[in-house]
Amino acid sequence: MRLCPIISESRVLQTSLNWLKIKCIIGIENSLNNCQIDCHGACTLISFTDRPMVAFSAALGIKAGSIGPFNTETTLVYKKIFANIGNHYKPTTGIFTAPVRGLYHFTFYCHVTGANPGYVFLYKNGERIAATADHASSGDRADNGSNGLVLMLEVGDQVYMSLGTNSRIYDDDNGYNLSTFNGILLFTQ
Ligand SMILES: [Ca+2]
């Protein structure tokens, strides 16, 4: 069926209008995603480069040997830095301090030799949050452990790893890096 020119033109205009609406909604959403709202409700547009970039990745950095055992739980200090964007992880203390409120992803990996027990804990502000555990058993060989989680952190919150009492973990920085601690800011809140 042939449409009269006015109806045909009207449909073309309606289609164009719908596209404009969609582009407008996308534009508003993008603006909101790039908007920083202060305590008074004022909105300031920020560019991608203004977004805080926070990430770190570190290994124990020891040469073919174990850390531990100690007769008390001990903070692990990962000294070999692969990345430390913003320098919010301190390789002298093993502590990561959140510079902004947001959602962070942490992972940790460890290697435990022979029949030794190996317990590694992730702490947030002194509270144990996650762990890996390799129990001692006869005839047991080396094992690897890993864990990870997403945490909502406030400014100044601290995240770090700890070695369980009377256990040990192993690393070899000669191309192995078996025991690492890693974190990245997913997005601010
Ligand atoms: Ca084992």
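## Overview

Of the chain's 189 residues, 24% count as buried. The model is a predicted one. The chain holds one helix and 15 strands.

Take the contacts with a separation of 6 or more: residues 24 or more positions apart account for 71% of them.

## Strand 15 and its partners

Strand 15 covers residues 180–188. It pairs with strand 3, residues 55–59, in the antiparallel sense. Five bridges join strand 3 and strand 15. In one of the pairings, Phe56 has Gly183 of strand 15 as its bridge partner.

Strand 15 also pairs with strand 9, residues 102–112. This pairing is antiparallel too, over eight bridges. Here Leu103 has Phe187 of strand 15 as its bridge partner.

## The nonpolar core

In soluble globular proteins, nonpolar side chains tend to be buried together. The largest nonpolar core in this chain has 29 residues. Phe108, Val120 and Met161 have the most contacts inside this core. Several strands each supply at least two of its residues: strand 3, strand 9, strand 10 (118–124), strand 13 (158–163), strand 14 (169–171) and strand 15. Strand 9 gives the most, with six residues.

## A look at Val120

Which residues does Val120 contact, leaving aside its neighbours within four places in sequence? They are Phe108, Cys110, Ala131, Thr132, Gly145, Met161, Leu163, Gly164 and Ile169.

Key: Residues are numbered from 1 along each chain as its sequence is written. This is a predicted model: local features need pLDDT of at least 70, side-chain atom pairs count only at pLDDT 80 or more; totals for chains, interfaces and linings use all residues. Helices (H or I, at least four residues) and strands (E, at least two) are DSSP runs, numbered from the N terminus. A residue is buried if 20 or more other C-beta atoms lie within 10 Å of its own, exposed if 12 or fewer, and partly exposed in between; C-beta atoms are placed from the backbone. Two residues are in contact if their C-beta atoms, placed from the backbone, lie within 7 Å. Two strands pair if DSSP finds at least two bridges between them. A nonpolar core is a set of buried Ala, Val, Leu, Ile, Met, Phe, Trp, Tyr and Cys residues joined through C-beta atoms within 7 Å.
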